[in-house]
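My entries follow in the order I made them.

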Amino acid sequence: MKQGIYTIVGHEPLTKDVYRMVLSGDTSAMTMPGQFIEIGLPGFFLRRPISVCDYDESTITIIYKVVGQGTDVMSKMQKGETLDALVGLGHGFEVERSGDDPLLVGGGVGVPPLYHLAKRLLAAGREVTVILGFNRAAEIFYADEFERLGARVVVTTVDGSVGVKGFVTDALPEKFSHVYSCGPMPMLRALYGATQGVGGEFSLEERMGCGFGACMGCSIMTKNGSRRVCKDGPVFDKEVLAWQI
Amino acid sequence: MADLKVTLSGLELDNPIIPASGTFGYGYEFAELYDINILGSFSFKGTTLEPRFGNPTPRIAETPSGMINAVGMQNPGIDRVISEELPRLKKCFHKKVVANIGGFSVEEYAECCARIDREEQVGIIEVNVSCPNVHNGCMSFGTDPLGISAVTKAVKAVTKKPVYVKLSPNVTDIVPLAAAAAEAGADGISLINTLLGMRIDLRTKKPVIANRMGGFSGSAILPVALRMVYQVYEAVKLPIIGMGGVTSARDVIEMMLAGATAVEVGAANLIDPWACPKILAELPAVMEQYGITSLRDIIGGAH
Ligand SMILES: Cc1cc2nc3c(=O)[nH]c(=O)nc-3n(C[C@H](O)[C@H](O)[C@H](O)COP(=O)(O)OP(=O)(O)OC[C@H]3O[C@@H](n4cnc5c(N)ncnc54)[C@H](O)[C@@H]3O)c2cc1C
Ligand SMILES: Cc1cc2nc3c(=O)[nH]c(=O)nc-3n(C[C@H](O)[C@H](O)[C@H](O)COP(=O)(O)O)c2cc1C
Ligand code: FES
C-alpha cells in the first residue's frame, strides 16, 4: 500500500451515471488485478473504495457509478485536479489459477476490475470469455473494450434490449476452466449455484472504515473463519465463502 | 529542543502519542508502513476473555467530520492475544503496550486482566467499561458508578500493573463516574470512548449500520472530548489519557491543556495510516509556534 497524490488526466462519462477516471501517479504498489484504491475527497471523512479497472507504470483507471454524495463530488472534478489516494489495497484475482479457458463474469459496476484481469489472462495466452450483465441497453459500458482486447464477449440485459435476455447465469458457456466474478451479491449467489464443480474467485463489497486491515469494519465470516474484505479480499476463493449465511 | 516526554503512572513515554484501541489492530498492519517504535505506546484492539466475531455488517457509516463503527469488539480472545499476537508484536515493537480489555461481567474483566498481568510487554491495562453488562439488564458498566467501582476493584485485585479505566461519554455527568473509578483504586482515567450515534440511508430508508446504532468518533467529537477531559482533570487527581477527535499536533496540545498527560489518536489512523507519524513530525514546530518547550509543562494548563 502507498499513499499518493494523483492527477486526473482523463475523466468522462461512459453512461448517464457511470464515469471513467484516469489518474496519473505512483502505481508501484499495485501487484494484482482486482485490487482497489481508497480515494480521499475534500469534505468527506472516510475514503471511497473503488476497484482498479486498469493500470500501467504511471496511470490507474477507475470506473465508478454516482450513487451518493461522494461519487457525485468526484463526477464534477476536472482534468488537472488532484486526489489523495491509498493505492494497491487488498488481495486481487490470481491470474495463475485460470486454467486454459477462464470465464469472467461482471455485473454492473462489478465489470471494471475484470478488465485488467482479462488483459493479463490474454497476455498469458488464455482463451478468455467475458459475460457482462446489465439491466438495459443504456447501462452497458466496456463491452467494446473487452472485445478489442481479444476476449469473447457476451452481453446480457435483464430487459433483453441487447444481447442475451436475462441474467449472466443464462449465458454461461458449456465449458470453462475457472470463473472470476465481481458484481452484486444476488448475482454472485446465482453464479455460485450455477458453477458448482469449477473453481473460481469472487470479489466482494463491504462498507469500509480503513481499507487496509486495521479496523475490522469489513469482517465477514467464511468457512475458514473471519476474514477482512479489505485485506484478505476483496477477492476470495468462492468455495470459502459462507453461502448458507 | 522540544521535550516530548511524558510519564503515565511511572511509565515514561518518549512522547504522548498513542494510537487508540480498535484503530490500530495489534500493531503490525502499521509496522509494515512505518517504524511504530516512534510512538509513545499504542493501545491494542479491545480484547475479551472469549474470542468474538462481533456484529454483522455494515459496521461502518460516515458522518460529517467523523464516522460510526459497530465492530462489536471483534477479537481473537485473551489467550490467543497472549500466545500469538504479543509474540508477533514483540518483533516489531520494543516498547510497553497498552492492553485494552473489555468484558461482559465483573468476573470476566478480572480473569482477562489476571491473564494479561503476567505479560511483561504490557505497561498499562486500559479497562473499557463501555461494554453492556449482561448480568444487569445489559446496562453499560460505564454509565453506572457502582458498575465502574466493581470492575475497577476486581481488576485492581488481580494485577500490579497500572489500571486506567476508559470511560464512556454517553452519560449526563462524567464526573461521578471518574470519581467512582478513582475511589475504587484506578491509577488513571482514559476518555472518551465513542458517542452513541446513528445514520439512516435515504435510499433504503433504514439505518446504515446493521446493528442500527454505533460508536461515533473522529474530528467531530473533539469539543465533547475536550470538555470531558477538562471536567475530569478538575475533579479527579489522576493522570488522564485523553482522546476523541484528535487528528493534528494542535489537537494534541489542546487535549493536554485540557488535562491529558497522554493522547490517543483513533479514527485518524483509519483515514490516514500515517496520521501518527505526521502528528509527531509536526509537534515540535507547533510547540515552538506557541512557545512550548516541554509538553509536561502544559498538562492541565487551561485550568
Ligand atoms: C472493494 C470495493 C470496490 C469497489 N469498486 C467500485 C467500482 O469499481 N466502481 C463503483 O462504482 N463502485 C465501487 N465500489 C462501491 C463504492 O465504494 C461506493 O459506491 C461508494 O463508496 C459510494 O460513495 P458515495 O459517497 O457516493 O455514497 P454515500 O452513500 O454517500 O457514501 C456514504 C458512505 O458509505 C460508503 N458506501 C456507500 N455505498 C457503498 C458500497 N456499495 N460499498 C462500500 N462502501 C459504500 C461510502 O464509501 C461512504 O463512506 C466498491 C466498493 C468496494 C468495497
Ligand atoms: C473502528 C473503531 C473500533 C474501536 N474499538 C474499540 C475497542 O475495541 N475498545 C475501546 O476501548 N475503544 C474502541 N474504539 C474507541 C477508540 O479507542 C476511541 O476511544 C474513540 O474512537 C475516540 O477517538 P477518535 O475520535 O480519535 O476515534 C474504537 C473506535 C473505532 C473507530
Ligand atoms: S475496512 Fe478496516 S479492516 Fe477492512
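**Entry 1: what I am looking at**

I note at the start that this is a predicted model. Every value below is computed from it.

I began with ligand 1. Which residues come nearest to ligand 1? I listed 22 residues around it, and P49(A), G70(A), T71(A), R207(A) and R203(B) come nearest.

I then sorted the shell by class. Nine residues are nonpolar, five are polar and eight are charged.

**Entry 2: ligand 1, polar contacts and cover**

I looked for polar contacts next. T71(A) has a polar side-chain atom 2.4 Å from an oxygen atom of ligand 1. G70(A) uses its backbone: an N or O atom there lies 2.7 Å from an oxygen atom of the ligand. S51(A) also uses a backbone N or O atom, which lies 2.9 Å from a nitrogen atom of ligand 1.

How much of ligand 1 does the protein bury? On its own the ligand exposes 830 Å², and the protein buries 88% of that.

I checked which elements build the shell. In chain A, β4 (48-51), β6 (59-65) and α1 (69-75) each give two or more residues. β4(A) gives the most, with four residues.

I moved on to ligand 2. It lies between chains A and B. There are 23 residues around ligand 2, and S21(B), K166(B), G218(B), G245(B) and A267(B) come nearest. By class I count seven nonpolar, 14 polar and two charged residues in this shell.

**Entry 3: ligand 2, polar contacts and cover**

G245(B) has a polar backbone atom 2.6 Å from an oxygen atom of ligand 2. A267(B) has a backbone N or O atom 2.8 Å from an oxygen atom of the ligand. S217(B) uses its side chain, with an N or O atom 3.3 Å from an oxygen atom of ligand 2.

Ligand 2 has 610 Å² of accessible area on its own, and the protein covers 97% of it.

**Entry 4: the pocket that holds ligand 2**

Where does ligand 2 sit? I found it in the second largest pocket. That pocket holds about 1100 Å³ of space. Its lining has 50 residues, and N69(B), S130(B), N193(B), T194(B) and G215(B) lie nearest the centre.

I sorted the lining of this pocket too. It has 21 nonpolar, 25 polar and four charged residues.

Which elements of chain B supply at least two lining residues each? They are β5 (66-69), β10 (195-197), β13 (214-217), β15 (262-265) and α8 (268-271). β13(B) gives the most, with three residues.

**Entry 7**

Last, I looked for cavities. How many of 30 Å³ or more does a search of the whole structure find? It finds one. The largest cavity has a volume of about 30 Å³.

I listed its lining: M208(A), G209(A), C210(A), G211(A), C215(A), M216(A), G217(A), C218(A) and C230(A). Six of these residues are nonpolar, three are polar and none is charged.

Terms used:
Residues numbered from 1 in each chain as written. Chains lettered and ligands numbered in written order. Predicted model: local features only at pLDDT ≥ 70, side-chain atom pairs only at ≥ 80, totals over all residues. Heavy atoms only, no water. 1 Å grid on protein atoms, 1.4 Å probe; cavity = no way out; pocket = protein on both sides within 12 Å on 5 of 7 lines; lining within 4 Å. Points joined across faces, edges and corners; volume = space filled by probe spheres on them. Nonpolar A, V, L, I, M, F, W, Y, C, P; charged D, E, K, R; others polar. Near = heavy atom within 4 Å. Polar contact = N/O pair within 3.5 Å; in protein donor to acceptor, adjacent residues only side chain to side chain. Areas by Shrake-Rupley, 256 points an atom, 1.4 Å probe, with all protein chains shown as cover. Sits in = over half its atoms within 2 Å of the grid points.
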